[in-house]
Amino acid sequence: MYRRSYQSGFLSILYSCGSAPLELWGMHVKNGYIRRVIDEEVKSLALELAGTNVATTYIYCPAEKKKVLGISLPFLIMIIKNMKRYFTFEITILDDKNMHRRFRVSNFQSTTRVRPFCTTMPIGLSGGWNQIQFNLADFTRRAYGSNYIETTRMQIHANCRVRRIYFASRLYSDEELPAEYKLFLPIHRKKCVREKPEDREIKHEKPEVEEPPVLYKTPSEQIIKEEVEKEEEPEIEVPPEVPEPEPQPEEVHIPEPKIPIEDEMEEYEIEHEYEIDDRHIFEEEDTVIAAIETAVEEAVEETVEEHDEEEDFILNEMAMEDEG
């Protein structure tokens, strides 16, 4: 399609705001839809692709399968909105080894796999609109060690919203890009509310009036008046500073604790109880001592009586022996 045309700068293959955005593209829809909607974020038209299966709802370019794009510009730029669903796109290129290689990029894969004819890569999209920049020459050299020649085919699968897809000879800054290649987000402007005349505070400033100079008939009158004003001003006598007395420490009187009457009665009763108990103990001791003394006296008397009986018995035996 573009192989024989001069390619430089920018080459757009899809623009959602154009009169026929899918003029170069073919569609395949199953369990989904492809339509142009007004995006609420940018307040402009966008091409929306949605479906239950990303493999069955897609657009492809060129529309005829026998044709090829033939775009030799190495940079692919896509302005796409993340719909927070599965999304993938494919690019088929031709390298200097006359081999057709395919790059498949998706947001549901986590690893990069390089195969002889297909390379799958993950992509991370932020919320809202994203600008994807794809360096085809660099990826071809890293994956297959060959040089990029041209892009032959391209497919965009669901689910996403597309604003523009174009190729460029190099990466341009925002200042270098044309206005139609930029994505302008609406600026929320504040409404200018005029103040009511009632709310305004009108300040009337009084003009400063200078006092007219005093005119004297003769210079002697002016000198006399100045001397009189000086005499009228009384001199203010400053009293001498009196040193402040040093603060003396205050005497602190600690009052003696007073025992209430109830506490005194309790203490007296307790002491009285102890006295009664002591007397009782002494009386018991006296009775015990008296009992012990009587028992000792009885025991002594018994021993004396027994001793006397033994002596009488011995004397009787001795007398009987003498008689015999």
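Visitor: Which residues does I80 touch, leaving out those up to four places away in sequence?
Guide: Contact means heavy atoms within 4.5 Å. I80 touches F87, G128, W129, N130, I132, C160, R161 and V162. This is a predicted model: local features need pLDDT of at least 70, side-chain atom pairs count only at pLDDT 80 or more, and totals for chains, interfaces and linings use all residues. Residues are numbered from 1 along each chain as its sequence is written, and side-chain values use heavy atoms, with hydrogens and water left out.

Visitor: How far apart are I80 and V162 in sequence and in space?
Guide: They are 82 residues apart in sequence. Their C-alpha atoms are 4.7 Å apart.

Visitor: Is I80 buried or exposed?
Guide: Buried means under 20% relative accessible area, exposed over 50%, and partly exposed in between (1.4 Å probe, protein chains only). I80 has 1% relative accessibility, so I80 counts as buried.

Visitor: And K81, buried or exposed?
Guide: K81 is buried, because its relative accessible area is 14%. K81 lies in strand β6, residues 75-82. I80 is found in strand β6 too. Strands (E, at least two residues) are DSSP runs, numbered from the N terminus.

Visitor: Which side chain does K81 join in a polar contact?
Guide: A polar contact is a pair of N or O atoms within 3.5 Å; within protein, one must be able to donate a hydrogen and the other to accept it, and residues adjacent in sequence count only if both atoms are side-chain atoms. Here the side chains of K81 and D39 are joined at 2.8 Å.

Notes. Helix = DSSP H or I, 4+ residues; strand = E, 2+ residues; numbered from the N terminus.
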